[in-house]
Amino acid sequence: MADNIILIGFMGVGKGRCARELAARTGRFTVDTDDLIETMVKMKIRTIFQEHGEPGFREMEQQAADWLEYHVSGTVVSSGGGFFMVKNLNRLGRVVYLHSSVEEILAAIRSHPKAKKKIKKRPLLQDPAQTEKLFNDRLPQYRRAADIEISVQNREIVDVVEEIIDRLRS
Ligand code: S3P
């Protein structure tokens, strides 16, 4: 198996920040699946949803997963919130689910200095009731997909990363 670490979890939980810290701590590179897709099709995620719909975007996520499976190793992969649904997820590396409550996630996004931008670029974050439903639907799926679950709620990123390193070692 490729020696990658795949971070999955809900939008806004901090997968990107955690991936960068984890990469720095373990001497790896990091890639983000949304960035891969945006460069592959030269379109922003929001435009992809507008022009190709969510099913089109999910196909692109699968393409990104196929590329990762054959071309990437020794890397920390931060993924879009729905990336865990790709068929080959567990062939990409060890899968780590970053967990926080939906209330905490939404509060963190809303209090961010760039809150407006953060919400605007995420098509599935437009309606709070829908977002909460999506979180509740996905929670058991994230847990089933992951090798390990790590809570990020009210924790410093360095602690989270320490725990990931420890738990992946054992
Ligand atoms: C999505 C999450 C987003 C992005 C797209 C769809 C989802 O990524 O892939 O808007 O289905 O949860 P982030 O989790 O990085 O926000």
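Which residues of strand β3 (residues 75-78) are buried on one side, and which on the other? I took this up first. The model is predicted.

**Entry: strand β3**

I checked both faces of β3, and both are covered. Thr75 and Val77 are buried on one side. Val76 and Ser78 are buried on the other.

**Entry: partners of β3**

I looked up the pairing next. Strand β1 (residues 5-8) runs parallel to β3, and three bridges join them. Strand β2 (residues 29-32) also pairs with β3 in the parallel sense, over four bridges. I then followed Ser78 of β3. Ser78 is the bridge partner of Leu7. Ser78 is also the bridge partner of Asp32.

**Entry: the ligand shell**

I listed the surroundings of the ligand and got 14 residues. The closest are Lys15, Asp34, Arg58, Arg122 and Arg138. I sorted the shell by type: six residues are nonpolar, three polar and five charged. Which helix gives the most to this shell? Helix α3 (residues 45-71) does, with four residues.

I went through distances to ligand oxygen atoms. For Lys15, a side-chain N or O atom is 2.5 Å from one. For Asp34, a polar side-chain atom lies 2.8 Å from an oxygen atom of the ligand. Last, I looked up the cover. The ligand taken alone exposes 390 Å², and the protein buries 94% of that.

Definitions and conventions
Residues are numbered from 1 along each chain as its sequence is written. This is a predicted model: local features need pLDDT of at least 70, side-chain atom pairs count only at pLDDT 80 or more; totals for chains, interfaces and linings use all residues. Side-chain values use heavy atoms; hydrogens and water are left out. A residue is near a molecule or strand if one of its heavy atoms lies within 4 Å of it. A polar contact is a pair of N or O atoms within 3.5 Å; within protein, one must be able to donate a hydrogen and the other to accept it, and residues adjacent in sequence count only if both atoms are side-chain atoms. Accessible areas come from the Shrake-Rupley method with a 1.4 Å probe; for residues, only the protein chains shown count as cover. Helices (H or I, at least four residues) and strands (E, at least two) are DSSP runs, numbered from the N terminus. Ala, Val, Leu, Ile, Met, Phe, Trp, Tyr, Cys and Pro count as nonpolar, Asp, Glu, Lys and Arg as charged, and the others, Gly among them, as polar. Buried means under 20% relative accessible area, exposed over 50%, partly exposed in between (1.4 Å probe, protein chains only). Two strands pair if DSSP finds at least two bridges between them.
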